[in-house]
Amino acid sequence: MAMKAFVNRMERLLALGGTRRDILFLVLSGAALLVSLFGVSPLPFDMAWFAIVLCGVPIVAGAVLGLVTEGDIKADVLVSLALIASVCIGEHFAAGEIAFIMQLGALLEEMTVARARAGIEKLVHLTPQTARVIAGDEERICPAEQVKVGERIRVLPGETVPVDGVILTGSTSVNQAVMTGESLPVDKTVGDTVSSGTVNQFGAFEMRATRVGEDSSIQRMIRLVQSADAGKAKIVGLADRWATWIVVIALAAAALTWLLSGQMIRAVTILVVFCPCALVLATPTAIMAAIGNATRHGFLVREGDALERLAAVSCVAFDKTGTLTCGVARVTAVRSVSGYDADAVFAYAAAAEQFSEHPLGKAIVRAYLQATGHRPLAAEAFRMVPGEGVCAAVGGKQVRAGNRKMLGGDEAALPPALSEDVQAYENDGSAVIFVTVDGTPAGYIVLSDTIREESREMIDRLVRLGVQPVLLTGDNLNAANAIGGRLHIETIHAHCLPEDKLRHIERYQREGKRVCMMGDGINDAPALKRADVGIAMGGVGSDIAVEAADIALVDDEVKELPHLVALSRRMMKTIRLNLTFSMALNFLAIALAITGVLNPVVGALVHNAGSVAVIVNSAFLLKWGKRQKTAGETGGA
C-alpha cells in the first residue's frame, strides 16, 4: 500500500501543470542561473537552487517513477545521477544548468511534436456538438452523438453538418475542406450525400442520417489522429536499447575514472555528457515532424513505423476503381443511329432516366444537366424493368433506356456496325446504355469511370523514384491493359478477386520486394492489411479499407503519393544523421571529460546543445519538400 501511495504521489507530481507551467519554470530558472553565474544573490543560498528544484525535481521524479513501476533504466536515470552528484560536490550551478537545459530540450521537443500534429488535431475541435432533429412537425436540438440512423435532421446556413447523411429536401453549397481539402464549396441537392464536420454555406436543407456517432466521417478521421503514435516505430525501440547500454557504460566509465583519477568532478562530468538524451530524441522527433509534413499533404499516418516501412518500399500496387480512377461513372460518348442526332438521343435518355435510382441513370441525368444547363424533358408513365432498364413516355413517344436485354425485349435488331463499336467500348471496361424510341434503336450512351487527371503524372514520378507500379484490378484484361497503357503501368493483373490481390502481394514479398498497396474498397482490405504498407483512400474509401490501412489519404489527391515516399526516405536519412551525430558527440565528450578538459558546467552545455541540434534538425522535416521538384525527390531508402 505504501508503495502504491508513493507511485500515486509521484504521478500527481508529474501531472502538474503543462506547457505554460514549463515555460514559467524555465523563465524563473533562467533568471536564477544568471544571478548565480555572477555570484550575486539576494538570498542566503545559491540562486541555482531554483533551477534545481523547478526543473530538476520533475526529472528525478520521472526517473524514480520509471524505476519503481517499470524497472525502466533510460536517460532520466543518468540525468538524475548527474544532478545529484553535482549537488553533492557543491557544483550547484552545474546541477541547475543541467536541469534547465534538459527541460528546455524537452519543451522544444514538445513544441515540435505539437506543431507536427496541429494539422490533424484540429479535427477534434471541429466535431459537431448539436443537431436539429425533426420529428413530425416538431424540431428539437439534441447532442450530435445522440442522433440515430434514419432520423431526419435539419441544417441551417452556417451550421456544421452533425452526422453523415443524404439530403432529402433543399439545395445548398457545402464547404468540405475539412474532409477533402477542396478550397471551393460543393453544390449539393436532393439525393447527394453530406459528411459530418463539413459546413453548410448557403441554403437550409433536411437530411436523413446514415452514419452517426463513432461511424461518422469526422469521428473516423479523429480515430486516425489518435492512433498516430511515433512510439510504435521499430527504430525507436532500437534507440531505446542503445540508451540502456549507454547508461550502463556511462556508470562504469564514471566509476572507473573516479577510482583511477581520484577526482569526483571528472566522474560527474562523464555522467553529464554521456546522458543519451540526443540519442533518444533522434527518432521520435523526426517521425512526428514527418507525420506533420504528411498531414499537410493529405495523409493521416495511423502507425508510427509506417513511414519507416514505406522508405524501403520498391513496389506500389494500385487498385483501379476509386484509386487511379474517380470511382464515379461519367458520360464519355453519345452515339446515334436511324436518323437521330446525338443531342436527341441524350435528351430522350435523360428524360427517361430522371426518375431512376440506378447509378448509371443518375449519371446520365447529371451529365445532361451539366451539358445543357436545364432539366430533362417531361416524362410520363415511368416504369422500371428489373434487370433491363427503364421506359417512359416522352413527348408522345415511347422511350426505353437500358442494357442488351432491353433491346431484345423489344425485338429490335442491333445493326452490325453499331454492335462492333459497342463491343469495343465494352472491352475497354465502359458501360453502354442503349436507347430506343418507339421500338427503334436510336443510339447509345457510353459511361466510363474516368482516370484521375493526376494519376499519370503520379505514376511517372514514382518510376523516377525507383518504385515499380503494379495494377491489380477486377476488370477484364482488355480494360486493364487500356488503363495501364494510358498510365504507363507495365505490370498488370486483371480479373482479380480479393484473394487474388492478396496472392499477388504475397508473391512479390516472397521475391524480396517491399510492397505498398493503395486502394479504396472493401475488396482491397485484405491486400491493404497484408502489404508492408497499406494506404487507403480516406475520402471515397470504405470504412473497412481505412481501418485495414496504415495510412489514409483524406482528400484522395493521389498526386501526393510520390511526395510521401520521398518524405519517408528523407525521414530515415534524418534519423540516421541524428543517431550518428548523437553517438559521435557522446563519445567525444566522454573522452574530453575523462582527460579533465570538460567540467560539469561546460559538459552540460555541450551535451544539451547536441539534444537541441537533433530536435532542430528533425524540425526541418515539417516543411521539407515545399519547394522540392521531382528531380530532387530521388534518393535511396
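1. Start where two helices touch: M458, R461 and L462 in helix 17 meet L561, P562, H563 and V565 in helix 22 (contact here means heavy atoms within 4.5 Å). Sorted by type, the residues of this contact are five nonpolar, one polar and one charged.

2. A word on what you're looking at. This is a predicted model, where local features need pLDDT of at least 70 and side-chain atom pairs count only at pLDDT 80 or more, while totals for chains, interfaces and linings use all residues. Residues are numbered from 1 along each chain as its sequence is written, and side-chain values use heavy atoms, with hydrogens and water left out.

3. Back to those helices. Helix 17 covers residues 455-464 and helix 22 covers residues 561-594; their axes come within 8 Å and cross at roughly 25°. That makes helix 17 roughly parallel to helix 22 (angles under 35 degrees count as roughly parallel).

4. Now for strand 17, residues 440-451. Nine of its twelve residues are buried, so the strand is mostly covered (buried means under 20% relative accessible area, with a 1.4 Å probe and protein chains only).

5. Who sits beside strand 17? Strand 12 (residues 325-336) pairs with strand 17 in the antiparallel sense over eight bridges (two strands pair if DSSP finds at least two bridges between them). Within strand 17, V446 is the bridge partner of A333.

6. Strand 16 (residues 431-437) also runs antiparallel to strand 17, joined by seven bridges. Look for F434 opposite Y444 in strand 17. Strands 16 and 17 form a hairpin with two residues between them, and D438 in the turn has a positive phi of about 55°.

Terms used:
Axes are lines fitted to C-alpha atoms, for helices over the stretch in contact, and angles run from 0 to 180 degrees between N-to-C directions. Helices (H or I, at least four residues) and strands (E, at least two) are DSSP runs, numbered from the N terminus. Angles under 35 degrees count as roughly parallel, over 145 as roughly antiparallel, 65 to 115 as roughly perpendicular and the rest as oblique. Ala, Val, Leu, Ile, Met, Phe, Trp, Tyr, Cys and Pro count as nonpolar, Asp, Glu, Lys and Arg as charged, and the others, Gly among them, as polar. Buried means under 20% relative accessible area, exposed over 50%, partly exposed in between (1.4 Å probe, protein chains only).
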